[in-house]
Amino acid sequence: MTAAAVTPSRTTSARRPRRRPRVGRGVAWIYLILVVLATLFPFYWMLRSALSNNFSMIADPSNPLPVGFTWGPFLRVLGLESTQEAIAQGGSGASVPILHYLLNSVIYATLSTACIVFFSTLAAYAFSRLQWRGRELVFSFFLAALMVPGILTLLPNFVLIKDLGLLNSFAGMILPGALFSAFNIFFLRQFMLGLSSEIEEAALLDGAGKLRMLFGITLPMTSGPIITLTILGFIGQWHDYFWPLLVTSDDSVAPLTLGLAIFKQSSPQSQPDWAGLMAATLVAALPMLILFMVFGKRIVNSIGFSGLK
Amino acid sequence: MTLSTAAPAANAAAPLRAPRRPRRPGNALAPSHRGDGRLAWILIAPAAIGFLAFAVYPTLRGIYLSFTDYRLLSSPTFIGVQNFVDMVQDSTFWSSLLVTVYFVILAVALTLAFSLLTAAILHRVTKSTVLRGLIILPFLISGVVAATVWSWMLDPQLGIVNVLIEHLGASPVKFLTSREWAIPSLAVISVWKNLGYTSIIIFAGLQTIPPTIYEAGRLDGASEAKMFFRLTLPLLRPILALVVVLNVIGAFQVFDIVSVATKGGPANASLVLQMYIYQKAFGQFDFGYASAMSLALFLILIVITFVQMRLLRANESDNA
């Protein structure tokens, strides 16, 4: 009798921990699905609106599908549609040189990322693989720069670039961030310190110079972190808004972020061309989304990696 | 070379200071580093120039300009602490500081809570890279794009959010154009944009926790919730400290989404400090006053970062 009383209670207690996590798993999956939906919905809404006729869309704002499907918004944003056609579809009729902004963004992001990663690699090599007096001291000075956020240096840097006569030029936009990045140097140095010196010593016996070792041995071994910094740097530069806003006053070198903001502000307040605006945001987002399709896994790993440094 | 998840662990283990090289007898190590000094200075020269010209010099100049009257067209004149006296008496400065703090608290608290939950669930339920890839998508668009899309979705009359609210029988909300909703709406945009990014960083931190700890916890009969608070959170503290500090610093300097979505309005209800600094410098060309506010914001950030590091004891790990 005692055995009979014990057995059922034991089976329930054994079953319980198995069932509870399963319910928990269901809730967890529902949460994850909601997060993914909330994340993706604005992208879908961008696409849906960008493929709509602006007038029809205003009449039917809750339709989940494009209203009066048309490529018009993309065409007018890219300047491939006549003004009459654009106005007929609810466009403002104003032209946006979006391809020009796009090209500026490509130049700005590519040049500044390439420069900063290259110069950071050189410095990191000197701080990790070379022995010289003052190494730790200079490094700690560099590291202190991590403490100073952009807020303090932005205005004086603007004044400097203005005094150098570099406003409205790629040089002025790129220069302040092209040479020195405390984070990049720290990140690469940490990795290079961990490299084995055996290959270098063998190369040294073969009579290789230090510079050849940097480009022939250390650089290839550091390619992972270098690519990480390149990807994250490029994404950051592509999104940069504040600095280009300060140092440009016309369209000549303005990147896409600025162009888009100008486009949004110039859209009539009474009846904005939302379809055109969404098409423009998609054009702006597209290069990054393509980058993501190619390097998706790498980007995800890079972000986690950068947090752990 | 692929970035394996094992790499960060090995990397994190690398000491901050360079390890002293073991001196092997008979191996001429010193000569192998002969001439390193000159090469080192050549290699760090570009970075050193950038450091001096675009970090040290502007920092010092920024501090100096804070004590001047500088209208950009004429050269700066020293006026002592007048800018700071003006600042204390400037009600717009205080209201914009308040608005900024309100935004920071909302945005960081929500981002952190949801990121932690998302990362913890991802960690326990699935290691799917596809899922992590999907939630990171907002990180790949600029603040300008995010703010534009959300301006459309939150439009008072035609935005999908308000259309749905009206379908539910409620009256539409002026999300970006009313005093009470402007900052919460901007915080939501910011959370949407940063959630995936922050989750991935926390997720990476979770992956460094050895799974055997959870097995031990399960054997002791600990529930998932208990394991989260007793095991996961303490082990995650160094990463969380970093994430909090980075998020707070970023949120304090928010500019692009505000600039595009509300322009600081309505009636300065979302005029964050960075926006006010920009207006002073480039709207009224009062560079001295704008520099003084930048310096104030910088000092606030230093204090907050320091306090956070102390509170979260970021340098210590319960791992040991």
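Modeller: Helices in this text are DSSP runs of H or I with at least four residues, and they are numbered from the N terminus. The model is predicted.

Biologist: In which loop of chain B does Phe285(B) lie?
Modeller: Chain B holds 14 helices and 2 strands. One of the helices is H14, which spans 287-312. Phe285(B) sits in the loop between H13 and H14.

Biologist: What is phi of Phe285(B), and is the residue buried or exposed?
Modeller: Phe285(B) is not a glycine, yet its phi is positive, near 55°.

Biologist: Where is Ala267(B) found?
Modeller: Ala267(B) also is a residue other than glycine with a positive phi, about 50°. Ala267(B) is exposed because 9 other C-beta atoms lie within 10 Å. Its place is the loop between H12 (256-261) and H13 (273-283) of chain B.

Biologist: What percentage of the residues in chain B is buried?
Modeller: Being buried takes 20 or more other C-beta atoms within 10 Å. Of the 320 residues in chain B, the buried part is 40%.

Biologist: Among contacts in chain B between residues at least 6 apart in sequence, what percentage joins residues at least 24 apart?
Modeller: A contact requires C-beta atoms within 7 Å. For pairs at least 6 apart in chain B, the part joining residues at least 24 apart is 72%.

Biologist: How far apart are the C-alpha centres of domain 1 and domain 2 of chain A?
Modeller: The domain assignment gives 2-68 as domain 1 and 99-266 as domain 2. The separation of their C-alpha centres is 41 Å.

Methods:
Residues are numbered from 1 along each chain as its sequence is written. Chains are lettered from A and ligands numbered from 1 in the order in which they are written. This is a predicted model: local features need pLDDT of at least 70, side-chain atom pairs count only at pLDDT 80 or more; totals for chains, interfaces and linings use all residues. Domain bounds come from an automatic or database domain assignment. A residue is buried if 20 or more other C-beta atoms lie within 10 Å of its own, exposed if 12 or fewer, and partly exposed in between; C-beta atoms are placed from the backbone. Two residues are in contact if their C-beta atoms, placed from the backbone, lie within 7 Å.
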